[in-house]
Amino acid sequence: MITGVMHHYLAARAELDAPGSPFHTTTEVIRGVPLKVFAAAPPHMRAVWEMTAGHGDKEYLVYEDERYTYDEIHAQVRKLAAHLLANGVKRHDRVAVAMRNYPEWVVSYWACMSIGAAVVGMNAWWTAPEMEYALNDSEPHALIADDERLERFLHMPAQRPMHIIAVRSERVGTPWASVMAEPDPGSVPPAEIDGDDDATIFYTSGTTGFPKGAQLTHRGSVHNIFNIVAMTMATGLAEQKAIAAGDVPAPANPPAAPPAPVFMAPTPLFHVTACNCILHPGTLAGGKVVLMYKWDAGRALELIERERVTNFSGVPTMSREMLLHPDWATRDTSTLQGMGGGGAALQPDLVLKIAGALKTGQPSTGYGMTETCGIITANSARFYVAKPASCGPLVPTLEGKLVDEDGNDLPPGPDTLGVLCVRGAIVIKGYLNRPEASADSIFDGWLNTGDIARIDEHGFVFIVDRAKDMVLRGGENVYCSEVETAIYHHEAIAEAAVFGIPDERLGEEVAAVIVLRPGASLTHDELTHFLAVSLAKHKIPAKVWFRSEPIPRNANGKFLKRELRKELVGD
C-alpha cells in the first residue's frame, strides 16, 4: 500500500513547497551558513504570540478546574512583561522558570518572548545542587518559581542575587498575585528582537557529567512550528489525493466539520516536547491546551473525555498506559484525532495498537531533539501504520545525511547505515558557555545527532541505534557519564559503569555495575540514598550489580557496556 500511495505524499510535499505557498522554502545565510527557511515565517516568537490576539474569548488554558481565555492570558502576559521591564529585565537577559505545568509557566514564557528575554527552562525534578548549577551557568536576572522549587532554592548554600517572583507561594520574593494586581498597561512596549536571539535555554544532560544549556533561537522555534504544521498538512493533503484517485477508501463516516483543536500537554513544559511541539502549535492554532498537575493515566482519560481532547502527545509509555488502563473501555475518547508523541520511539506493536483503538484517529510520532528546537522527522496516519518502525521523513527545513564514525559522508542508499546529521534553521546556535561542546556537535551548520540511522527510498528515516552513551528513560535523556560522576563521589567506589536496560513501562531504565574498593561495603539502598542528594530521582540506577572482578574494557580503556548488558540482561 505504501508504495502505491507514496507518490501522493511526495506530490503533497511538493505542492506545499511551491512559490506562493505559506510553506515555500528558500535559502538564507545564517551564522555564515546557507540554510533552508520558510520564506513567509514570522521573524520571532513575539510575532507568533501577537498573532493570537484575535482568538479573544476562546478558551486557551485548562488546569484542573481553572480556565483561562486568550484575552485573559494576554492581559496577564502584559502585566508580567511590564513588571519584568520595571525590575530591570531587558533584551538578551535570562529569566529562569522553575515550576510544574502551571498556567503561570505559559504566562511567563510569552511575557519573556514579548520583551526579548530568554526563558531558562529549569527541570522541575532537579535537586537543589542541580538547580544551583543551572542558575550559576545561565546567570538569570530573574527567577519565577513555585513553592517546591523555591524551597530548594532557599537550601542552596550560595543564592544568586536576582529578582524572584513566587508562584502559588509566599515563601520569598514578590507574590504572583501582587504582579497580577498591577494595572494592565494595555500593550507591551516595542522590542527589538533578532531571529538569532536566544528564545529559550533548555538544559540537556551532559556527557561531561554536567548539563549543557542548549540555545534555542527565535528563528528555530518559529520554524519548528511551521515544520509541524507543514508535516500535518502534507499528510492530510496526501490522504485527500489518495482518496480522490481511488487508491484508498474514503472514511465511512467523515465528520461534518473538523472539531476545534484541543491539545493535552502531559509532559513537562521545560522540554521541547511539551513547549515547542504542543504549546507552540496549539497556541498559534487558537486551540485549547490542557495541562496536568502530574502524569496519571486514569486522570488523563478523564480529561480527554471532559475537555474533548483532539491531540494527545506524550512519551510512548503514556499511550501504552492509557490503552492498558481499565478506564479506556468506559471513557469517551472518540474526539482523539492523533495519539502518540516523541521522547522515545513508539514500538511497532504500540503503533498498531493505537491505530486499532482509536475510533477516528491515527497514531503519530515525531523524532527530534532539544538541539533542533523540536522535531527532525514526523510520521502519522496510514504512512505510520505502513511503516511503524520509521520515525518518518525529514521536516521541510532540514537537510540530512549519514556519516561514518570518522565523520565521512556515506553514499545514500536504503541499506546504508550511519550517524544521522542534519542542517537547517532549527538547529540550535550552540551550548551556553560551552564553545568546545558546540564545536564538537555542530560543524558548518551540520548537527551530529548521535543516532545511527538508515533512510529508505521514500526518504523515511529509521533510527537503528544510539551512538551516544545515553539512557532514554520515559522520554528523559539520562547521560551515563553524569550518573557515573555522581557515583564516583562515594568513597567506596572503585569502578562504575552505567547503561540502560529494557523496561516495559519506561522503554529503558538506568542500571549500574559497580566494583567496590578493597574492604569497602555498600548496598543498593545506601547508594540510592547517597545519590539522592545530587541527582534527580529518574537518574538514579534502579538496578545495581556489584562485581568482584574489574569491569571489562576495550583496547582504549573504555568499559564494554554492551557486552555487560548482554551478559546481565540478555539484550
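**Helix pairs, burial and loops**

Guide: Let's start with a pair: α3 and α4 are oblique to each other, where angles under 35 degrees count as roughly parallel, over 145 as roughly antiparallel, 65 to 115 as roughly perpendicular and the rest as oblique. Bear in mind that this is a predicted model, in which local features need pLDDT of at least 70, side-chain atom pairs count only at pLDDT 80 or more, and totals for chains, interfaces and linings use all residues. Residues are numbered from 1 along each chain as its sequence is written, and side-chain values use heavy atoms, with hydrogens and water left out.

Visitor: At what angle do the axes of helix α3 and helix α4 cross?

Guide: In general, two packed helices are described by the angle between their axes and the distance between the axes. Here, helix α3 (residues 70–86) and helix α4 (residues 103–115) cross at roughly 60 degrees, and their axes come within 8 Å. The axes are lines fitted to C-alpha atoms, for helices over the stretch in contact, and angles run from 0 to 180 degrees between N-to-C directions. As for the names, helices (H or I, at least four residues) and strands (E, at least two) are DSSP runs, numbered from the N terminus.

Visitor: Is the crossing of α3 and α4 left-handed or right-handed?

Guide: A crossing is left-handed if the near helix is turned anticlockwise from the far one by less than a right angle, and right-handed if clockwise. α3 passes α4 in a right-handed crossing. On the α3 side, the contact (heavy atoms within 4.5 Å) is made by Ile73, Gln76, Val77, Leu80, Ala81, Leu84 and Leu85. α4 brings Val107, Ser108, Trp110, Ala111, Cys112, Ser114 and Ile115. By class, that contact has eleven nonpolar, three polar and no charged residues. For the classes, Ala, Val, Leu, Ile, Met, Phe, Trp, Tyr, Cys and Pro count as nonpolar, Asp, Glu, Lys and Arg as charged, and the others, Gly among them, as polar.

Visitor: Which residues of α11 and α12 meet?

Guide: Pro316, Ser319, Arg320 and Leu323 in α11 meet Asp349, Leu350, Lys353, Ile354 and Ala357 in α12. This contact has five nonpolar, one polar and three charged residues. Helix α11 (residues 316–324) and helix α12 (residues 348–357) pack at an angle of about 50 degrees, with axes 11 Å apart, and α11 passes α12 in a left-handed crossing. This pair is oblique too.

Visitor: Back to α4: how many of its residues are buried?

Guide: Buried means under 20% relative accessible area, exposed over 50%, and partly exposed in between (1.4 Å probe, protein chains only). In α4, 13 of the 13 residues are buried, so the helix is largely enclosed by the rest of the structure. α4 reaches 19 Å from its first C-alpha to its last, close to the 18 Å expected at 1.5 Å a residue; the expected span is 1.5 Å times one less than the number of residues.

Visitor: What covers the buried residues of α5?

Guide: The cover includes β5, β6 (118–121), α6, β10 (198–204) and α15 (480–487). Eight of the eleven residues of helix α5 (residues 128–138) are buried, so α5 is largely enclosed by the rest of the structure. Among the buried ones are Met131, Ala134 and Leu135.

Visitor: Which residue just after α5 takes a positive phi?

Guide: That is glutamate 139, at about 50 degrees. α4 is followed by glycine 116, whose phi is positive, near 85 degrees. Arginine 31 is not a glycine, but has a positive phi of about 50 degrees; it lies in the loop between β1 (25–30) and β2 (33–38). Arginine 31 is partly exposed, with a relative accessible area of 37%. For histidine 92, in the loop between α3 and β5, phi is near 80 degrees.

Visitor: And where is glycine 88 found?

Guide: Glycine 88 is in the loop between α3 and β5 (94–98), and counts as partly exposed at 34% relative accessibility. Not counting residues up to four places away in sequence, glycine 88 touches Asp93 and His141. Glycine 88 and alanine 142 are 54 residues apart in sequence, yet 9.1 Å apart in space, C-alpha to C-alpha.
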